[in-house]
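Here are my notes on the model, point by point. Please read them with the structure open.

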Amino acid sequence: MTAPSAPNGEPLEVAALRQRRMRRRIALAVVLTIIVLAALLTPELIGGRTGDPRLTSNSAEAQGARLLYELAQRLGWHVERWTSGDPVQADSRTVVALLDPVQPLGAMEAHRLLERVRAGSGLLYVMSGSSPLDDSLHVKRNLVGGVYEPAAAGTSDAQRSAADRRSARRYPSAADTAKSDDEEVDTGAECARAAPNGGGLPMWLDQTVRLWRFDWTGPRPADVVIFARSAIEGRAAERDTTVHRSAVAAAGFGVGRGRVVVISDPDLIRNDVLRVCKWGLDVVAARMLEYLATGVVRRDRLVFDEYHQGFGTHPGTLRAIVAYLSRAPSGHVLLQAMLGGLVLLLALGPRALPAHDAERIERRSPLEHVTALSRAYARVGGTRTATSRLLHGVRRRVERGTRNSAGLTASENDDRFLASAAAMPELVEDVALIRRALSDPLSRREFEEVGGALQRVEQSLLTQRR
């Protein structure tokens, strides 16, 4: 008996196993498709928020700062956005708003900005990580969170001036100002009483504002004006006794002839926080702006630095390197070191054409030359020529420093020299031998005697001259 089979001829067990595998594959494909679609369609959540996380005045989303931009505009400020890579042109009537920049300032940029503040400008600074401004302003952000505590009308450890108190009361509530304008509804600055959670935010479920704080790393300025505090809740304060229960979250102080407001937490001025009227942070923002406006010359120009938020034309890597090497002093040193290394590399590296040593021709030494010349004279029997050459040498050494007789030939000068030598009785025989050698060929032994005669003549004449 044969086992039953499927219509395609396969056994029923094999066909059933294949169907089960096919169903599993289909189910797995459906699950993966659902996961991918959920990931693509689910909005990005950052701390319970959606949208662009940058604190920029160009963003009207939850985490942006468009509401602060428009609030300042309605309070009478001349508001601008700076998107150029050059330093902000700030005079004594300008306040620069540097709001938690995503591209941190360099040391030179921070120095130039604070120089303008010392000259009379203002600065609204929201702290961001390890910025050079933190060291210059002697502040450090503390990531210990606490509950927001208002500082009514801005308080300071010292008594505030009457002018500051009057300016702080000038804007009692930015929300009340917004209610008087129908267009404020379009900007999103209306009170959020109708929100499902009572105007709260997803990350603050208990409807309580929580902020980071900052500490002083140097001497605390004497004219500090506190706009907001961050207080640790009871149990957390009991666990860590080293942390102060209430610390500064936003404060203003003078730097030179200018003023600075430091905010430790960017949540203090975000759109979705300022729009909640019951928290009153719109009033705090108005008071900080009014504090920055007060001075010897009232500041009425507010410039938002959007270049360090990523807007404007940013140079690429190559342009940034060229700008650093051509503008920064340390770039000049690095460029010179690179050029020196390149010259050294070219000097030590292999060459396209191998270098050859200069060819040197070995020359005979004077002694070798004399030996070779004597051999040549000996082979041809040139005793007369040799005697003439030797006599010329003797005469040149004896008559050194004297001039030859004008119009006489070399042979005539030799005859004159031998005649003067023959005047000495002891040299008569030697002079006669030399004269015979100049006229007749001599044997080798006789030629050797001529050499001795020439040596005696030279010694005698040199002794006589001395």
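1. Start with the second largest pocket. Helix H13 gives the largest share of its lining, six residues. Helices here (H or I, at least four residues) and strands (E, at least two) are DSSP runs, numbered from the N terminus. The model is predicted: local features need pLDDT of at least 70, side-chain atom pairs count only at pLDDT 80 or more, and totals for chains, interfaces and linings use all residues. Residues are numbered from 1 along each chain as its sequence is written, and side-chain values use heavy atoms, with hydrogens and water left out.

2. The second largest pocket holds about 540 Å³ of space. Its lining has 17 residues, and Ser374, Tyr377, Ala378, Ala386 and Phe447 lie nearest the centre. H13 (366-380), H14 and H17 (444-465) each supply at least two lining residues. By class, this lining has eight nonpolar, six polar and three charged residues. Ala, Val, Leu, Ile, Met, Phe, Trp, Tyr, Cys and Pro count as nonpolar, Asp, Glu, Lys and Arg as charged, and the others, Gly among them, as polar.

3. A word on the term. Pockets are found on a 1 Å grid over the protein atoms alone: a cavity is a set of points where a 1.4 Å probe fits but cannot get out, whereas a pocket is an open set with protein on both sides within 12 Å along at least five of seven lines. Lining residues have an atom within 4 Å of a point. Grid points are joined across faces, edges and corners, and a volume is the space filled by probe spheres set on the points.

4. The largest pocket has a volume of about 1000 Å³. Which residues lie nearest its centre? They are Gly85, Glu109, Arg112, Tyr307 and Arg327, from a lining of 30 residues. Strand S2 (94-99), helix H3 (107-118) and helix H11 (317-327) each supply at least two residues of that lining. Its classes are 16 nonpolar, seven polar and seven charged.

5. Next, H14 (residues 383-398) against H16 (residues 428-439). They pack at an angle of about 130 degrees, with axes 7 Å apart. Axes are lines fitted to C-alpha atoms, for helices over the stretch in contact, and angles run from 0 to 180 degrees between N-to-C directions. H14 is therefore oblique to H16; angles under 35 degrees count as roughly parallel, over 145 as roughly antiparallel, 65 to 115 as roughly perpendicular and the rest as oblique. On the H14 side the contact (heavy atoms within 4.5 Å) uses Thr383, Arg384, Thr387, Ser388 and Leu391. H16 brings Ile434, Ala437, Leu438 and Ser439. The contact residues divide into four nonpolar, four polar and one charged.

6. H16 also packs on H17. Their axes come within 9 Å and cross at roughly 130 degrees. That makes H16 oblique to H17. The crossing is left-handed: the near helix is turned anticlockwise from the far one by less than a right angle, while clockwise would be right-handed. Asp430, Leu433, Ile434, Arg436 and Ala437 of H16 meet Glu446, Glu449, Val450, Ala453, Leu454, Arg456 and Val457 of H17. The count is seven nonpolar, no polar and five charged.

7. H2 (residues 66-74) and H10 (residues 281-293) pack at about 55 degrees, with axes 11 Å apart. They are therefore oblique to each other, and their crossing is right-handed. Leu68, Leu71 and Ala72 of H2 touch Asp282, Ala285 and Leu289 of H10.

8. Finally, check two backbone angles. Most residues other than glycine have a negative phi. Asp100 has a positive phi, near 45 degrees, and sits in the loop between S2 and H3. His138 has a positive phi near 60 degrees.
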